Amino acid sequence: MNSALRHFTKFESKELGSKLIESALSYKADPRKDISKGTGKRIGCIFLNPSLRTRVSTQLAAQNLGMEPIVLNMDKEGWALEMKEGAIMNKGTVEHIKDAAGVLGSYFDILAIRAFPTLTNREEDINDFAFGQFVKYSGKPVISLESAIRHPLQSLADQITIQENLKNIKKPKVVLTWAPHIKAIPHAVANSFAEWTLGMGHDLTITHPEGYELDPMFTQGAKIEHDQSRALEDADFVYVKNWSSFNDYGKILSTDPKWMLTEKHLRNAPDAKVMHCLPVRRNLELSDEILDGSRSLVQRQAENRIYAAQSVISHILG
Amino acid sequence: MNSALRHFTKFESKELGSKLIESALSYKADPRKDISKGTGKRIGCIFLNPSLRTRVSTQLAAQNLGMEPIVLNMDKEGWALEMKEGAIMNKGTVEHIKDAAGVLGSYFDILAIRAFPTLTNREEDINDFAFGQFVKYSGKPVISLESAIRHPLQSLADQITIQENLKNIKKPKVVLTWAPHIKAIPHAVANSFAEWTLGMGHDLTITHPEGYELDPMFTQGAKIEHDQSRALEDADFVYVKNWSSFNDYGKILSTDPKWMLTEKHLRNAPDAKVMHCLPVRRNLELSDEILDGSRSLVQRQAENRIYAAQSVISHILG
Amino acid sequence: MNSALRHFTKFESKELGSKLIESALSYKADPRKDISKGTGKRIGCIFLNPSLRTRVSTQLAAQNLGMEPIVLNMDKEGWALEMKEGAIMNKGTVEHIKDAAGVLGSYFDILAIRAFPTLTNREEDINDFAFGQFVKYSGKPVISLESAIRHPLQSLADQITIQENLKNIKKPKVVLTWAPHIKAIPHAVANSFAEWTLGMGHDLTITHPEGYELDPMFTQGAKIEHDQSRALEDADFVYVKNWSSFNDYGKILSTDPKWMLTEKHLRNAPDAKVMHCLPVRRNLELSDEILDGSRSLVQRQAENRIYAAQSVISHILG
């Protein structure tokens, strides 16, 4: 069932997406069915930024395949990595990505890495610079645990969750709606969700205040609708997410509470299921009534993170 | 031998206590005798506060049962959890306990959690609010790794240690003596020690300076004696512990060095064994001469933490 | 092949050194050949200071022997240990090394510990005080993961790497050359490299600016040459390393960029291989051209850390 996969960093094709979803659902039904597949293989999970769900779900996925995951939290203070080529390292960085990635590549069979954007240097972020340096120098298969611009394991889990809740809908109406937040949040989850939803052939509408346009590289093919109420009409799935401005890079342009999704917002979408990648700021991004009600798929999405990761690792093991 | 247990958060009954002690001693004699019992089962150990003994002993206990423990250190800065119902999360907390506990419940078969008291909000602490929220929302068996008001794994290890050192004493005289400290310390260890010692049918005397009365919920049935010297007479086991004031909540009312236990204090208790849960502040709570002498059971208590945890996990596995 | 070893803290003899190298190379050829040797045995890896290579390579080595490694990061803020005998613990330290080491000794079969020097108290550092206290009170075999004055696992990996690259050279010329750095760096790697290189019978030249003499305890038998250019002539292996002053203890006396090794420095050593323990400050200690060129053995050294640790643990298991 599993064809070989080198890296897992972004949406590749509907065919591969479908295979990964199918394989994930089979692992969900029987998590330990391939318990010997990864015997003696090592996966190193490197976090340049903190993580809860991603870390634990990836560890569990690896253990379900009989692998020995090792987690490394290398946050910016503890082990600051130099990313720039040719840097004279007489400042705060203690090791160059070339050397660190090379060593980790010699220690593990698969590497998984989280590298958030700067949200200040747009050029660097768009090019997914830190993540790319890691891929370039590690010499081993790399799984993205969220890069500057994508979070493909989250998106795969999201598509698994949509698949599980499709019933008989042929082409579901999926709405990605911006939500207020008090901090400047990366674009990765929103970008990837658009990329995967469009790639899997669903109907995608994106709604947000003006000035919050995402990078068109990810949203081409989606309807952009600034009227949230119109966008939500007859939605089958509503994905709630904050992101900071892309054009006015990394800025917070609005915290308008009218954009927080509540039951009232869904009066014209009676069957809509609501999704969020977590962590969610309750009563700021999303109301308690929705999160605690029957529309919510957020716990399901989180649980599916295990099987998304397991499916990806299994494909890379080949 | 093991009857099923749902949560492990407090003393339940002398019958269950005896079973847990008996099972712990059998694991101490042969730690890996049930090495296949937990195959494929996961335990997540969540620390909202730092830990050394509790963390390692629980990991080892789980490994002795063939389980794969995963440790999560979620201290207040790294991943601040919101505990209040209905909170509008527009401040420092990044995730609600409802959501985090639900996700962790879907990732693990058993959860173990440490949640210290605030020592400022007495009402919240008495109700064991944070810990209770976790139990409420996780949907899985929960083991307390020390809550705001109890530390039952420590107390079980303490009772195992008393049992091992009882010789032929039918009803040992156990003394819990307050000791000086420079920081405001929670009541959990003292509360639980009283609860378990009384519950197991031992004779308990508690001695402390005036103003240091513990919550009567835990001490009913114990003798309270403000004269430390009289309290210690003919003691079989002396448990040394600091705690902050309960009535003048979380305050330090005394650091009187006369309360530090030394050999001189035990001149009328020649056979007394001395206990402490560790970490201990040497020559502040307890003198070197006692800790390094033959009365001390502190290393034994720490070692018994492994088998206390193993016994509890084994009972929960059923 | 493996004779029993109690502690691994320093160079013992050429005979043992040769055995450890031979065993390491056999593990490199077949890492999991002794996968059952450590079943049910535990190794605790305690870091009083941060680590990347040492931590991961030791975990992998233990896993290759079927052991369950547990890592404890006890940095100075999180769990400050008191090291002094007889201390009255009414300040910042929360637990005495006596108690902590004793507990860890009861939890693990083998302990591995990292304890850096103060670089301010020379007397304490020379006596390897913190590390020694740990060995004294743990009651179990102890592996040094770098102490105040030695880093023997690094040195073993270095000797393995030299052995792999010896070709037909009988007595290689090995040069240890000081390099500039912006921080005050411990002497442990330089000391141990000298100790092992001399112990294994190689020809060692040490070159550094005046004032950077290492402790003669480690360098007796080496040539000391202040003219770097002369020292490097016809070198077979050049080990680049910064260290702070030993005589003017812990001070930085020079950051002279002329001491940074470049290709130009090696014009009279055409076949020289270049070594560094990593992390390396690129273009401060060593130039990119060398690190990225064919002379560099640094990635090989890092990889050999796994097999150095595996060889040592295997010898201790006996």
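A polar contact is a pair of N or O atoms within 3.5 Å; within protein, one must be able to donate a hydrogen and the other to accept it, and residues adjacent in sequence count only if both atoms are side-chain atoms. The model is predicted: local features need pLDDT of at least 70 and side-chain atom pairs pLDDT 80 or more, while totals for chains, interfaces and linings use all residues. Residues are numbered from 1 along each chain, chains are lettered from A, and side-chain values use heavy atoms, without hydrogens or water.

**Exercise 1.** Determine where A:Glu146 lies and which side chain it meets in a polar contact.

*Solution.*
1. The unreviewed UniProt entry lists A:Glu146 under "binding site", together with A:His181, A:Lys241 and A:Arg281; such annotations may be inferred rather than shown by experiment.
2. The residue A:Glu146 sits in the loop joining strand E6 (142–144) to helix H6 (152–164) of chain A. Helices (H or I, at least four residues) and strands (E, at least two) are DSSP runs, numbered from the N terminus.
3. The side chain of A:Glu146 pairs with that of A:Arg114 in a polar contact of 3.4 Å.

**Exercise 2.** Decide whether A:Lys241 is buried or exposed, and name its strand.

*Solution.*
1. Strand E10 (residues 237–241) of chain A contains A:Lys241.
2. Buried means under 20% relative accessible area, exposed over 50%, partly exposed in between (1.4 Å probe, protein chains only).
3. A:Lys241 has a relative accessible area of 8% and is therefore buried.
4. Beyond neighbours within four places in sequence, its contacts (heavy atoms within 4.5 Å) include A:Trp178 and A:Cys277.
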